[in-house]
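Please look over the sequence and the model shown here.

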Amino acid sequence: MANNSSADKQRAQELVCVTGAGGFIGSWVVKELLHRGYRVRGTARDPADRKNVHLHTLEGADERLSLCRADVLDYDSLRAAFDGCHGVFHVASPVSNDVELIPVAVEGTRNVVNAAADMGVRRLVFTSSYGAVHMNPNRSPDTILDETCWSDYEFCKQTGV
Ligand SMILES: NC(=O)c1ccc[n+]([C@@H]2O[C@H](COP(=O)([O-])OP(=O)(O)OC[C@H]3O[C@@H](n4cnc5c(N)ncnc54)[C@H](OP(=O)(O)O)[C@@H]3O)[C@@H](O)[C@H]2O)c1
(Lines give C-alpha, C1' and ligand atoms only; values in the text may rest on other atoms or scores of the structure.)
Protein backbone atom coordinates (compact mmCIF):
# COMPACT_ATOMS: atom_id res chain seq x y z
CA MET A 1 0.00 0.00 0.00
CA ALA A 2 1.35 3.45 -0.91
CA ASN A 3 1.77 5.72 2.11
CA ASN A 4 1.48 9.13 0.50
CA SER A 5 -0.26 11.31 3.10
CA SER A 6 1.25 12.33 6.44
CA ALA A 7 -1.69 10.57 8.17
CA ASP A 8 -0.71 7.34 6.39
CA LYS A 9 2.91 7.79 7.47
CA GLN A 10 1.91 8.34 11.09
CA ARG A 11 -0.34 5.25 11.06
CA ALA A 12 2.46 3.15 9.63
CA GLN A 13 4.33 3.74 12.89
CA GLU A 14 1.38 2.91 15.14
CA LEU A 15 1.00 -0.61 16.45
CA VAL A 16 -2.50 -1.93 17.10
CA CYS A 17 -3.30 -5.22 18.82
CA VAL A 18 -6.32 -7.33 17.87
CA THR A 19 -7.26 -10.04 20.36
CA GLY A 20 -8.74 -13.15 18.74
CA ALA A 21 -7.24 -12.11 15.40
CA GLY A 22 -8.10 -15.39 13.67
CA GLY A 23 -11.83 -15.29 14.48
CA PHE A 24 -14.56 -14.00 12.18
CA ILE A 25 -14.67 -10.37 13.34
CA GLY A 26 -10.99 -10.35 14.31
CA SER A 27 -9.88 -11.33 10.80
CA TRP A 28 -11.86 -8.49 9.26
CA VAL A 29 -10.46 -5.99 11.76
CA VAL A 30 -6.90 -7.15 10.98
CA LYS A 31 -7.53 -6.88 7.24
CA GLU A 32 -8.94 -3.36 7.58
CA LEU A 33 -6.13 -2.16 9.86
CA LEU A 34 -3.49 -3.46 7.44
CA HIS A 35 -5.34 -1.82 4.57
CA ARG A 36 -5.21 1.50 6.45
CA GLY A 37 -1.47 1.24 7.01
CA TYR A 38 -1.21 0.18 10.66
CA ARG A 39 1.25 -2.30 12.08
CA VAL A 40 -0.83 -5.08 13.61
CA ARG A 41 -0.15 -7.59 16.38
CA GLY A 42 -2.80 -10.29 16.49
CA THR A 43 -3.34 -12.61 19.42
CA ALA A 44 -4.45 -16.24 19.33
CA ARG A 45 -4.28 -18.99 21.88
CA ASP A 46 -2.29 -20.97 19.31
CA PRO A 47 -0.86 -18.75 16.56
CA ALA A 48 0.45 -21.81 14.70
CA ASP A 49 -3.02 -23.37 14.42
CA ARG A 50 -4.03 -23.75 10.77
CA LYS A 51 -7.22 -21.79 11.46
CA ASN A 52 -5.02 -18.67 11.58
CA VAL A 53 -3.16 -19.32 8.29
CA HIS A 54 -5.41 -17.02 6.27
CA LEU A 55 -4.10 -14.02 8.23
CA HIS A 56 -0.67 -14.40 6.62
CA THR A 57 -2.19 -14.10 3.16
CA LEU A 58 -3.69 -10.65 3.82
CA GLU A 59 -2.24 -7.72 1.90
CA GLY A 60 0.47 -6.07 3.98
CA ALA A 61 0.73 -9.03 6.39
CA ASP A 62 4.29 -9.95 5.38
CA GLU A 63 5.58 -6.55 6.40
CA ARG A 64 3.21 -5.40 9.14
CA LEU A 65 1.46 -8.34 10.84
CA SER A 66 2.79 -10.42 13.69
CA LEU A 67 0.92 -13.00 15.75
CA CYS A 68 1.52 -13.74 19.41
CA ARG A 69 0.17 -16.23 21.86
CA ALA A 70 -2.25 -14.84 24.45
CA ASP A 71 -5.14 -16.11 26.51
CA VAL A 72 -7.62 -13.64 27.97
CA LEU A 73 -7.43 -15.55 31.27
CA ASP A 74 -3.63 -15.16 31.38
CA TYR A 75 -2.96 -11.58 32.48
CA ASP A 76 0.76 -11.63 31.78
CA SER A 77 0.22 -12.85 28.23
CA LEU A 78 -2.06 -9.86 27.64
CA ARG A 79 0.48 -7.41 29.04
CA ALA A 80 3.11 -8.83 26.68
CA ALA A 81 0.71 -8.63 23.73
CA PHE A 82 -0.15 -4.98 24.43
CA ASP A 83 3.45 -3.84 24.99
CA GLY A 84 4.12 -0.82 22.76
CA CYS A 85 0.59 -0.76 21.32
CA HIS A 86 -1.21 2.47 20.55
CA GLY A 87 -4.61 0.78 20.44
CA VAL A 88 -6.31 -2.53 21.20
CA PHE A 89 -9.37 -4.10 19.60
CA HIS A 90 -10.75 -6.68 22.03
CA VAL A 91 -12.57 -9.20 19.89
CA ALA A 92 -11.56 -12.49 21.58
CA SER A 93 -14.69 -13.45 23.35
CA PRO A 94 -16.54 -16.74 23.27
CA VAL A 95 -19.97 -16.45 21.63
CA SER A 96 -22.13 -18.95 23.43
CA ASN A 97 -25.08 -19.51 25.73
CA ASP A 98 -22.92 -21.98 27.65
CA VAL A 99 -22.98 -20.69 31.25
CA GLU A 100 -19.45 -22.01 31.78
CA LEU A 101 -18.13 -19.65 29.11
CA ILE A 102 -19.73 -16.52 30.51
CA PRO A 103 -17.09 -16.07 33.25
CA VAL A 104 -14.41 -16.43 30.55
CA ALA A 105 -15.97 -13.55 28.63
CA VAL A 106 -16.43 -11.38 31.74
CA GLU A 107 -13.07 -12.12 33.40
CA GLY A 108 -11.30 -12.01 30.04
CA THR A 109 -12.68 -8.58 29.24
CA ARG A 110 -11.75 -7.29 32.70
CA ASN A 111 -8.20 -8.59 32.20
CA VAL A 112 -7.96 -6.95 28.78
CA VAL A 113 -9.13 -3.57 30.08
CA ASN A 114 -6.74 -3.66 33.05
CA ALA A 115 -3.76 -4.93 31.04
CA ALA A 116 -4.34 -2.25 28.38
CA ALA A 117 -4.40 0.43 31.09
CA ASP A 118 -1.24 -1.06 32.67
CA MET A 119 0.60 -0.93 29.37
CA GLY A 120 -0.38 2.65 28.54
CA VAL A 121 -2.62 1.77 25.58
CA ARG A 122 -4.31 4.98 24.45
CA ARG A 123 -7.49 3.54 22.96
CA LEU A 124 -9.42 0.30 23.55
CA VAL A 125 -12.29 -0.83 21.37
CA PHE A 126 -14.52 -3.63 22.65
CA THR A 127 -16.76 -5.52 20.26
CA SER A 128 -20.12 -5.84 21.91
CA SER A 129 -23.17 -7.44 20.34
CA TYR A 130 -26.60 -6.46 19.16
CA GLY A 131 -27.77 -9.16 21.57
CA ALA A 132 -26.59 -7.03 24.50
CA VAL A 133 -29.07 -4.27 23.73
CA HIS A 134 -31.86 -5.65 21.54
CA MET A 135 -33.71 -8.30 23.60
CA ASN A 136 -36.28 -6.29 25.50
CA PRO A 137 -39.98 -6.95 24.85
CA ASN A 138 -40.99 -3.92 26.94
CA ARG A 139 -39.49 -1.45 24.50
CA SER A 140 -41.05 -0.10 21.32
CA PRO A 141 -39.42 -1.52 18.17
CA ASP A 142 -39.10 2.11 17.00
CA THR A 143 -36.75 3.03 19.87
CA ILE A 144 -33.33 4.19 18.75
CA LEU A 145 -30.90 2.02 20.72
CA ASP A 146 -27.96 3.65 22.49
CA GLU A 147 -25.70 3.02 25.49
CA THR A 148 -28.64 3.38 27.88
CA CYS A 149 -30.42 0.34 26.38
CA TRP A 150 -29.83 -3.19 27.62
CA SER A 151 -31.44 -6.53 26.88
CA ASP A 152 -33.81 -7.75 29.59
CA TYR A 153 -31.93 -10.43 31.55
CA GLU A 154 -35.08 -12.25 32.79
CA PHE A 155 -36.52 -12.26 29.26
CA CYS A 156 -33.29 -13.74 27.90
CA LYS A 157 -33.24 -16.45 30.60
CA GLN A 158 -36.90 -17.37 30.01
CA THR A 159 -36.66 -17.51 26.24
CA GLY A 160 -33.10 -18.86 25.96
CA VAL A 161 -32.21 -16.25 23.31
N1 LIG B 1 -20.01 -12.62 14.34
C2 LIG B 1 -20.84 -11.57 14.39
O3 LIG B 1 -21.66 -11.33 13.47
C4 LIG B 1 -20.77 -10.60 15.55
C5 LIG B 1 -21.60 -9.49 15.53
C6 LIG B 1 -21.51 -8.57 16.58
C7 LIG B 1 -20.64 -8.78 17.63
N8 LIG B 1 -19.85 -9.88 17.63
C9 LIG B 1 -18.94 -10.07 18.78
O10 LIG B 1 -17.60 -10.11 18.32
C11 LIG B 1 -16.84 -10.99 19.13
C12 LIG B 1 -16.17 -12.04 18.25
O13 LIG B 1 -17.16 -12.75 17.52
P14 LIG B 1 -16.75 -13.72 16.32
O15 LIG B 1 -18.00 -14.04 15.59
O16 LIG B 1 -15.61 -13.14 15.56
O17 LIG B 1 -16.29 -15.02 17.14
P18 LIG B 1 -15.26 -16.17 16.72
O19 LIG B 1 -15.08 -16.25 15.24
O20 LIG B 1 -15.69 -17.40 17.45
O21 LIG B 1 -13.88 -15.65 17.33
C22 LIG B 1 -13.72 -15.61 18.72
C23 LIG B 1 -12.24 -15.51 18.99
O24 LIG B 1 -12.07 -15.51 20.39
C25 LIG B 1 -10.89 -16.19 20.69
N26 LIG B 1 -10.96 -16.71 22.05
C27 LIG B 1 -11.94 -17.45 22.61
N28 LIG B 1 -11.62 -17.75 23.89
C29 LIG B 1 -10.42 -17.15 24.13
C30 LIG B 1 -9.56 -17.08 25.25
N31 LIG B 1 -9.85 -17.71 26.43
N32 LIG B 1 -8.42 -16.37 25.15
C33 LIG B 1 -8.10 -15.76 24.01
N34 LIG B 1 -8.86 -15.81 22.89
C35 LIG B 1 -10.00 -16.50 22.96
C36 LIG B 1 -10.75 -17.26 19.64
O37 LIG B 1 -9.39 -17.39 19.36
P38 LIG B 1 -8.58 -18.76 19.49
O39 LIG B 1 -9.56 -19.89 19.70
O40 LIG B 1 -7.84 -18.90 18.22
O41 LIG B 1 -7.68 -18.53 20.61
C42 LIG B 1 -11.44 -16.66 18.42
O43 LIG B 1 -10.50 -16.13 17.51
C44 LIG B 1 -17.82 -11.59 20.15
O45 LIG B 1 -17.71 -10.85 21.35
C46 LIG B 1 -19.17 -11.37 19.50
O47 LIG B 1 -20.19 -11.23 20.48
C48 LIG B 1 -19.90 -10.79 16.63
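## Basis

The model is predicted: local features need pLDDT of at least 70, side-chain atom pairs count only at pLDDT 80 or more, and totals for chains, interfaces and linings use all residues. Residues are numbered from 1 along each chain as its sequence is written, and side-chain values use heavy atoms, with hydrogens and water left out.

## Ligand site

There are 18 residues around the ligand (a residue is near if one of its heavy atoms lies within 4 Å of the molecule). Phe-24, Ile-25, Arg-45, Val-72 and Ser-128 come nearest.

Oxygen atoms of the ligand lie 3.2 Å from a polar backbone atom of Gly-23, 2.8 Å from one of Phe-24 and 2.8 Å from a backbone N or O atom of Ile-25. On its own the ligand has 880 Å² of accessible area, of which the protein covers 73% (Shrake-Rupley method, 1.4 Å probe).

## Asn-111

Asn-111 is part of helix α5, residues 102-118 (helices are DSSP runs of H or I, at least four residues, numbered from the N terminus). With a relative accessible area of 12%, Asn-111 is buried (under 20% relative accessible area, 1.4 Å probe, protein chains only).

Apart from neighbours within four places in sequence, Asn-111 is in contact with Val-72, Leu-73, Tyr-75 and Leu-78 (heavy atoms within 4.5 Å). A polar atom of the Asn-111 side chain lies 2.9 Å from the backbone oxygen of Val-72. Val-72 is also among the residues that come nearest to the ligand.

Methods:
Helices (H or I, at least four residues) and strands (E, at least two) are DSSP runs, numbered from the N terminus. Buried means under 20% relative accessible area, exposed over 50%, partly exposed in between (1.4 Å probe, protein chains only). A polar contact is a pair of N or O atoms within 3.5 Å; within protein, one must be able to donate a hydrogen and the other to accept it, and residues adjacent in sequence count only if both atoms are side-chain atoms.
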